Every structure is written in C-alpha cells, then in structure tokens.
Amino acid sequence: MGSASRPSLKTLEQDGLVRRDAEAVIPPRVHYSLTDRGHEVSALLVPLADWAFQNADAIVNDQPSRS
C-alpha cells in the first residue's frame, strides 16, 4: 500500500478521529488517543477487519484468474 493511501496522524487528527497531546518537555513527547468519533469508527471497522481476515483465503481463492 502506498503512502498516499495511508492516512497520516495529522489527517486523522483533522478528521476528528485522533487527539494529539504534546508535552512541553525535552525531548518533546507526543501522545495520541482516539476521540469519541475514533472509538465509534473503530467499533465498526474492527468487526469488518476480523471478517476479512477470517475469509481472506476464500476471497483470494475464489477470484477469477487474470490472463
């Protein structure tokens, strides 16, 4: 997967899915956590990802051959 298809932490923060908390220490320290919206999306995506992993072999093996 190319970097253009992976959301950055900054994008996730702008979308309201991730909260960024920076500490003013040396060296700088940053903590990320899910927002309420992030938890809501996670609750939807985790079962989908579980299903995809459980069915990955069937999905791959049932694809028509490409010639």
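Start by selecting His-31 and showing what surrounds it: setting aside neighbours within four places in sequence, His-31 is in contact with Arg-19, Arg-20, Asp-21 and Glu-23 (contact meaning heavy atoms within 4.5 Å). Before you go further, bear in mind that this is a predicted model, where local features need pLDDT of at least 70 and side-chain atom pairs count only at pLDDT 80 or more, while totals for chains, interfaces and linings use all residues. Residues are numbered from 1 along each chain as its sequence is written, and side-chain values use heavy atoms, with hydrogens and water left out.

Stay on His-31 for a moment. It belongs to strand β2; helices (H or I, at least four residues) and strands (E, at least two) are DSSP runs, numbered from the N terminus.

Now bring up the side chain of Glu-23. His-31 and Glu-23 make a side-chain polar contact at 2.7 Å. (A polar contact is a pair of N or O atoms within 3.5 Å; within protein, one must be able to donate a hydrogen and the other to accept it, and residues adjacent in sequence count only if both atoms are side-chain atoms.)

Side chains of opposite charge can pair when their charged atoms come close. By this rule the count is 1 salt bridge. Both partners are partly exposed: Arg-29 has 44% relative accessibility, and Glu-23 has 32%.

Next, click Val-30, also in strand β2. Val-30 is partly exposed at 34%. Apart from neighbours within four places in sequence, Val-30 is in contact with Arg-20, Asp-21 and Ala-22. The C-alpha atoms of Val-30 and Arg-20 are 6.8 Å apart, with the two residues 10 apart in sequence.

Move along to Thr-35, in the loop between β2 (29-34) and α2 (36-61). With a relative accessible area of 13%, Thr-35 is buried. Not counting residues up to four places away in sequence, Thr-35 touches Gly-16, Leu-17, Val-18 and Arg-19.

For the next stop, select Leu-44, Leu-45, Leu-48, Trp-51 and Ile-59, which make a nonpolar surface patch of about 530 Å². Patches are made of residues with over 30% relative accessible area and no salt bridge: like charges are joined within 9 Å, nonpolar side chains (Val, Leu, Ile, Met, Phe, Trp, Tyr) within 5 Å. Trp-51 sits in helix α2 and is partly exposed at 48%.

Finally, zoom out. The protein chain has 2 helices and 2 strands, running α-β-β-α from the N terminus on. Of its 67 residues, 6% are buried. The chain exposes about 6000 Å², with 56% supplied by carbon and sulfur atoms; accessible areas come from the Shrake-Rupley method with a 1.4 Å probe, and for residues, only the protein chains shown count as cover.

Terms used:
Buried means under 20% relative accessible area, exposed over 50%, partly exposed in between (1.4 Å probe, protein chains only). A salt bridge is a side-chain nitrogen of Lys or Arg within 4 Å of a carboxyl oxygen of Asp or Glu.
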